[in-house]
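Q: I'd like to learn how to read a few features off a model. Can we just go through them one by one?

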Amino acid sequence: MYRIASGQANDRYRPGAWMFKVLRRVVDRRRHADSQYGWLFQPYMGDEMVALALAGGAARGGPGALAMAAVCVQGDQVQARDALALNLPADRVAEARRLQEEDGLQRCAEDPSREALEGLLNFVGNRPLVIWSPQPELGRLNCWLRPRFGFDLPNATVDVAHLYQRRQHYWHPQLERRPDFAEAAQRLGIVLPESWTLRDEAVATARLYLGLVHREVPRWRGG
């Protein structure tokens with residue numbers, strides 16, 4: 001009914017990149033099997049998922065500022081009260097470490113973002129992720145995670161944009177353009193505030209997923 005992929009779903013169009021990510025995940029799982037993060041690589045057996053919404057981008061010399069919101073999805077319900085908000089400034093730790101290596105100093109570069117990212121890992125756990133277009137979103141997040149923890153976020157993911165595009169193609173085979181988040185929300189009757197926040201986007205992403213999975217196609221709104 002829907003596609004769950006380990007890693008970034010759009011890599012199905014690039015077999016080499018997909019295989020590299022699979023191998024990297026296997027290596028990460030073995031490397032961290034006996035660490036405090038080993039449980040993150042274990043299969044999830046419950047009925048919960050986590051919807052993510054991120055904003056940010058790459059910056060020269062390290063990851064750019066990153067803002068993120070996450071909400072829990074349990075069964076067919078969005079647990080909007082069970083939410084996490086994360087705001088990280090542009091990463092200067094990578095640059096500090098480079099300078100430290102060059103001048104031979106033994107000082108440890110302070111990293112105030114690590115604690116926040118540990119909170120994220122504990123909140124998300126090994127639950128599957130629900131994301132609109134996960135490839136760019138997780139790429140931003142992994143730019144923060146791998147330098148600090150030695151692994152990318154290993155969770156299985158649901159590409160909501162891909163789900164929507166499949167349903168859209170079912171009704172309108174002639175349409176081949178990239179799906180739009182706001183349009184998809186409107187068609188499923190999900191009201192977005194005029195100026196929505198990342199938390200609003202995470203909740204809407206969760207509801208989009210539930211609407212695509214649980215609703216009958218004829219209930220769709222719009223042309």
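Q: Let's start with contacts. Which residues does Ser133 touch, leaving out those up to four places away in sequence?
A: Keep in mind that this is a predicted model. For contacts, look for heavy atoms within 4.5 Å. Here Ser133 touches Asp159, Ala161 and Arg178.

Q: And where is Ser133 placed?
A: Ser133 sits in the loop between β5 and α4.

Q: Is Ser133 buried or exposed?
A: Buried means under 20% relative accessible area. Ser133 has 8% relative accessibility, so it counts as buried.

Q: What do β5, α4 and β6 make together?
A: They form a β-α-β unit, and it is right-handed. The helix in it, α4, covers residues 134-149.

Q: Now a helix. How many residues of α7 are buried?
A: An α-helix has 3.6 residues a turn, so residues three or four places apart point the same way. α7 (residues 198-214) is mostly covered, with 13 of its 17 residues buried. From first C-alpha to last, α7 reaches 24 Å, close to the 24 Å expected at 1.5 Å a residue.

Q: Last one: how many disulfides does the structure hold?
A: You'd look for cysteine sulfur atoms within 2.5 Å, and there are zero disulfides here. Cys72 is buried, at 1% relative accessible area, while Cys143 is partly exposed, at 42%.

How values were computed:
Residues are numbered from 1 along each chain as its sequence is written. This is a predicted model: local features need pLDDT of at least 70, side-chain atom pairs count only at pLDDT 80 or more; totals for chains, interfaces and linings use all residues. Side-chain values use heavy atoms; hydrogens and water are left out. Helices (H or I, at least four residues) and strands (E, at least two) are DSSP runs, numbered from the N terminus. The expected span of a helix is 1.5 Å times one less than its number of residues. Buried means under 20% relative accessible area, exposed over 50%, partly exposed in between (1.4 Å probe, protein chains only). A crossover is right-handed if, with the strands pointing away from the viewer, the path from the first strand over the helix to the second runs clockwise.
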